[in-house]
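Please look over the sequence and the structure first, then read the points below by topic.

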Amino acid sequence: MPIVLPRRLVPLALLALLLAAAPAVRADDVGDGIKAFRDAQKSGDWRVRVEAYDALSFYDGPKIVEAMLDAMEADPHPAAKLAAAERLGRLVSDEAKADLYAAIQKGSDERRHLALLCVRSQPGTDGKEVLLELAQGKEPPIVAQAALALGQKHVPEAVPVLVQLLEKSDDHQVQRAAAEALRTMAGPPPEPKIGHDGKPLLEPNPPPWVPEWYPLDTVVPVLVKVLGNAGGGIERGEAWRTLVRLLKHDMGLDPAAWTALASGKEPADIKKKPLPYRTLFGIPLFGDRMVVILDTSAQTDDPHPYDRDRLTTLCEVPGARPIPWFQIQTKRQFARAWARRWVQDLPKGAKFDVFLVNTSLNDVFGKLNSANAGAKKTAIEAIEETKGVTGQDVLGALMTAIHLGGEKDKQAWSKGPCEVLYVSSSKPWLAPVTDEDHIGAAVALRAGWLQIPVHTVGVGNHPFAMMQVMSAAAGGTYLDLSK
């Protein structure tokens, strides 16, 4: 899924009319506009700094992209970077687009990442030649970002490249991005027409479920192969979601069932034999390096909000015995029961860590530890001994977890966690950073660059928007368990 950005402050239609009606902009005017823009970047309010991008967009043309990227790279507030990327992507002049496509090819990794986010937000297929070249390059994070941009731009020529990445890449993150791009490229599912009685109307010529040019015969078999690879990683979950989008039904983790469905067999006539997989709060997990972050603030001692039927449903474990629901009275006990069960079920060869977060991080191992009997016992004891403490340093916990393999990109990419799951029952507070916009965007930028799915689970009241932004960055799942 693409990152959700703030709505623009000047409607596109109005801005287009202004640009069309404006006379040729003089170099002096552009210089004045850039100076005003840079002055606005000195504001202590990140929203004011973002508004300045709208004003500078009026001078759409040479020099504008460089000024905007300089400001984006220097901005201390991550939410401003994300909002600015969407605005820069609105520039329509040939000169601005050429500058943007040049920016994704050289410069610092952060600058190229921000420029690629701008390209992703652009409508149309402009820049596809550069993106296709980058997607076939040798820099895995850039390859992944280029693949996502190609999918977002719906570039038909990119399908063979994305299929090859999905099938041949040595990086699970690149494969995951390619699978997401193939899903995004199909566009949103067509919405049925609804009658006055609230029921879907029968349409003689309904819109196609996927674009007519979309090569299902090429894409689906590769997705099924990836799904069934027991030695695979996070790309399996993304392949699953993409198959659901393309084929309109959910056959679960069952390659044979998906093959039968693709061949035209009716879903009701297909007998499913799904492969086993791990879950946490019902979220399928496929990474072999995993971190779970549990909110242990005082609010977790509050009673959980579920009636008996809801609680028993939430305690079901796909393909395995349920969690003992009758022992659960509070939000902490609910989260703790699932975390304990996850640790118990970790397979041989997996690596993991657990964070018990309040004003301090309290990670059990301080590294990704092998899931042997001793490590499991230590983790479960730590989970059981948690007590409610004031405060919650969300940003500190998530950033530390993401960088357990090392601070540098290459270390984090190859040795860091494949997936992170964060459980919250309260808002960030009594921490160095409590601004939810800042936290959500900071995690989204870092997880998006490293292609680490951040799954978020809100038990009772929780920071809804912040957790959704985090999870949207790299194919994570946001689970709202407020009720």
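This is a predicted model: local features need pLDDT of at least 70, side-chain atom pairs count only at pLDDT 80 or more; totals for chains, interfaces and linings use all residues.

**A loop residue: Pro62**

Pro62 sits in the loop that joins α3 (46–56) to α4 (64–74).

- Pro62 counts as partly exposed, because its relative accessibility is 46%, a value between the 20% and 50% cut-offs.
- Leaving aside residues up to four places away in sequence, Pro62 touches Val30, Glu95 and Asp99.
- Pro62 and Ser93 are 31 residues apart along the chain, and 8.5 Å separates their C-alpha atoms.

**A helix residue: Val143**

- Val143 belongs to helix α9, which covers residues 140–152.
- With a relative accessibility of 4%, Val143 counts as buried, because the limit for that class is under 20%.
- Its contacts, not counting residues up to four places away in sequence, are Leu134, Ala135, Gly137, Lys138, Leu165 and Val174.
- Between the C-alpha atoms of Val143 and Leu346 there are 31 Å, and the two residues are 203 residues apart along the chain.

**Helices α7 and α9**

- Helix α9 also packs with helix α7 (residues 109–121): their axes come within 9 Å and cross at roughly 10 degrees.
- The two helices, α7 and α9, are therefore roughly parallel to each other, since angles under 35 degrees count as such.
- On the α7 side the contact is made by Arg112, His113, Leu116, Leu117 and Arg120, and on the α9 side by Ile142, Gln145, Ala146, Leu148, Ala149 and Gln152.
- Sorted by class, the residues of this contact between α7 and α9 are six nonpolar, three polar and two charged.

**Helices α18 and α20**

- Helix α18 (residues 394–402) packs with helix α20 (residues 436–450) at an angle of about 10 degrees, and their axes are 10 Å apart.
- That angle makes α18 roughly parallel to α20.
- From α18, the residues Val394, Leu395, Leu398, Met399 and Ile402 meet His438, Ile439, Ala442, Val443, Arg446, Ala447 and Leu450 of α20.
- Ten residues of the contact of α18 with α20 are nonpolar, one is polar and one is charged.

**The largest pocket**

- The volume of the largest pocket is about 360 Å³.
- Its lining is made of 20 residues, and the closest to the centre of the pocket are Gly237, Trp240, Arg241, Pro284 and Thr477.
- Both α13 (235–247) and β2 (283–285) supply at least two residues of the lining of the largest pocket.
- Helix α13 gives the most to that lining, with five residues.
- The lining of the largest pocket has nine nonpolar residues, six polar ones and five charged ones.

**Cavities**

- There are two cavities of 30 Å³ or more in the structure.
- The largest cavity holds about 80 Å³ of space.
- Lining the largest cavity are 13 residues; among them, Leu294, Asp295, Arg332, Ala335 and Arg336 lie nearest its centre.
- At least two lining residues of the largest cavity come from each of β3 (289–295), α16 (331–344) and β6 (419–424).
- Helix α16 gives the most to the lining of the largest cavity, with four residues.
- By class, the lining of the largest cavity has four nonpolar, five polar and four charged residues.

Notes:
Residues are numbered from 1 along each chain as its sequence is written. Side-chain values use heavy atoms; hydrogens and water are left out. On a 1 Å grid over the protein atoms alone, a cavity is a set of points where a 1.4 Å probe fits but cannot get out, and a pocket is an open set with protein on both sides within 12 Å along at least five of seven lines; lining residues have an atom within 4 Å of a point. Grid points are joined across faces, edges and corners, and a volume is the space filled by probe spheres set on the points. Ala, Val, Leu, Ile, Met, Phe, Trp, Tyr, Cys and Pro count as nonpolar, Asp, Glu, Lys and Arg as charged, and the others, Gly among them, as polar. Buried means under 20% relative accessible area, exposed over 50%, partly exposed in between (1.4 Å probe, protein chains only). Contact means heavy atoms within 4.5 Å. Axes are lines fitted to C-alpha atoms, for helices over the stretch in contact, and angles run from 0 to 180 degrees between N-to-C directions. Angles under 35 degrees count as roughly parallel, over 145 as roughly antiparallel, 65 to 115 as roughly perpendicular and the rest as oblique.
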